[in-house]
Amino acid sequence: TNHVLAIISFCMLIYLIGWAFMHTFFADIFKKASFGYKLGFSWTSGNVILGTIFFYLAYFEMFTTINVFRACLFLGIISGVIAGWSIVNPLRIKKQLVKIIPVAIIAFFFMHLIQHSLTAYLIDWDATAMWFLKAKAMFIHDGIHNNPYFDNTGLFDFSNKAYPFGIPLIMAGFFKMIAFFDDQVIQFYFLQYFLLIPILLYAFLKEHVQLSSISRIIIAIGLCMSPIFLNHAHSGYVDIPISLFFMTAMIAFMHAINEKTTREKNSWIGLMLLFGLFSVHVKNEGTTFIAALILVTILSRLLRRTLFTQRYILPITLVLGSILLWKYFLHVSKTPFYLSASIPSMENFHRLKTSIFFYLEVFLDTRIQSLTTIPLLLVISYQFPRIVKLRKYIMFAPLLVLILQLCAYTYIYLITPLPFVVQLQTSFPRLLLQLLPCLYLVAIFQQKELQNTQKEES
């Protein structure tokens, strides 16, 4: 019971830290945001702040229990002072309660998952052998330089030591504070990422589609009811967490496209960079995602020089610095990585056809995706020629990011030294899971833009 209360308090702390951070650095867009957006942005930014601080503590061998406790206490007090008034202002209580109702309905619908996350055993291989093993290594030790986990003995090479450990660091921080490695209640932390996906979808639908609240709730929940989503809701895999980071970065990118004022456009791009950069600490796929985002942002001519004079450049720089330090550590410690080749050999190009056909098979398999992806494919296929006809190519920018990310996945399959078919079959369903919420956003975004264009022409 004590650990259950501890994990609930820990998650509330992350929300509070993120809320205060957004209120301080992105006030111009955060104050106008819907409650669903505020929850999603607060959770992701809270993890960015906590994960970045924990990384610097670990890098400088200061990731001790007392330092973790001090950091959380300091952040909690500061965040409480900053965010407290905006949350509990008596004049806003009634208005806020109305906004909370849809979120509460979505959370109540997944109550069985909430209960299960607090008591379920951790059984999936990647969760136990990779992410939680990293968390245990950081729970036992105070840093990364003198950590036996990173020794070149070959003992832990099966756990892919070079993989990012942003999420394991946050888990380890919680374990240090309760002085126990509890792999059951921590699944409640993972569940937050899943719950926020339908909440953000609801908020995005509210902003882009004229429907009743109950219709938006049903659609948002329905899109997340596929077996692949539910199986990984709190499994300990980090595909759902990185999916949420991709989703929040994509929402920020879409707002940057539509925003008219330079100030708010810069803020949305800054938020996109923050979430996109930290996704590099969540999983390797974050590296190609933020690269694709930056490339498409440049091609879309959205970058402004005034972006680099804003105060949120400081946290973005700190996150970027932590990524560079992590890459430097992997280099000097000679931590092995399973990808040895960088250019695919000619004999591997036959994998391309196999990969593409398997992508379609997984995408259209109702046993994996339920009935969510087939209508999604039809909607995007319907929108494509209409956008081309209108020559509104900026509408393709978010979709282009996802296409580039899919190309990066395909490139990895071409150069992987692991058994190709086995890796393809075991990894791609989860890789698609990372992109599905963004694909939902793309379909909604493109339809809204098409409707706006038709209104302007008429």
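Good morning. In this model, Phe10, Cys11, Ile14, Tyr15, Ile17, Gly18, Trp19, Phe21 and Met22 of helix α1 meet Phe35, Lys38, Leu39, Phe41, Ser42, Trp43, Ser45, Gly46, Asn47, Ile49 and Leu50 of helix α3, where contact means heavy atoms within 4.5 Å. Helices here are DSSP runs (H or I, at least four residues), numbered from the N terminus.

The model is predicted: local features need pLDDT of at least 70, side-chain atom pairs count only at pLDDT 80 or more, and totals for chains, interfaces and linings use all residues. Residues are numbered from 1 along each chain as its sequence is written, and side-chain values use heavy atoms, with hydrogens and water left out.

I stay with the first pair. The residues of the contact of α1 with α3 divide into 14 nonpolar, five polar and one charged. Nonpolar covers Ala, Val, Leu, Ile, Met, Phe, Trp, Tyr, Cys and Pro; charged covers Asp, Glu, Lys and Arg; the others, Gly among them, are polar. The axes of α1 and α3 (residues 35-59) come within 6 Å and cross at roughly 100 degrees, which makes α1 roughly perpendicular to α3. Axes are lines fitted to C-alpha atoms, for helices over the stretch in contact, and angles run from 0 to 180 degrees between N-to-C directions. Roughly perpendicular means 65 to 115 degrees, and roughly parallel means under 35 degrees.

Helix α1 (residues 2-25) has 24 residues and reaches 34 Å from its first C-alpha to its last, close to the expected 34 Å, that is, 1.5 Å times one less than its number of residues. Buried residues of α1 include Phe10, Ile14, Trp19 and Phe21, buried being under 20% relative accessible area with a 1.4 Å probe, protein chains only.

I turn to the second pair. The axes of α9 (residues 187-208) and α12 (residues 239-258) come within 8 Å and cross at roughly 25 degrees, and the two helices are therefore roughly parallel to each other. Among the residues in this contact are Phe190, Tyr193 and Phe194 of α9, and Ile240, Pro241 and Met247 of α12. Its residues divide into 15 nonpolar, three polar and one charged.

Finally, two single residues. Asp239 lies in α12 and, at 0% relative accessibility, counts as buried. Asp239 touches Lys283, Arg430, Leu433 and Gln434, leaving aside residues up to four places away in sequence. Ser355, in helix α16 (residues 350-364), counts as buried at 1% relative accessibility. With the same exclusion of residues up to four places away in sequence, Ser355 touches Tyr413, Phe420 and Leu424.

Methods:
Parallel < 35°, antiparallel > 145°, perpendicular 65-115°, else oblique. Buried < 20%, exposed > 50% of the residue type's maximum accessible area, 1.4 Å probe, protein only.
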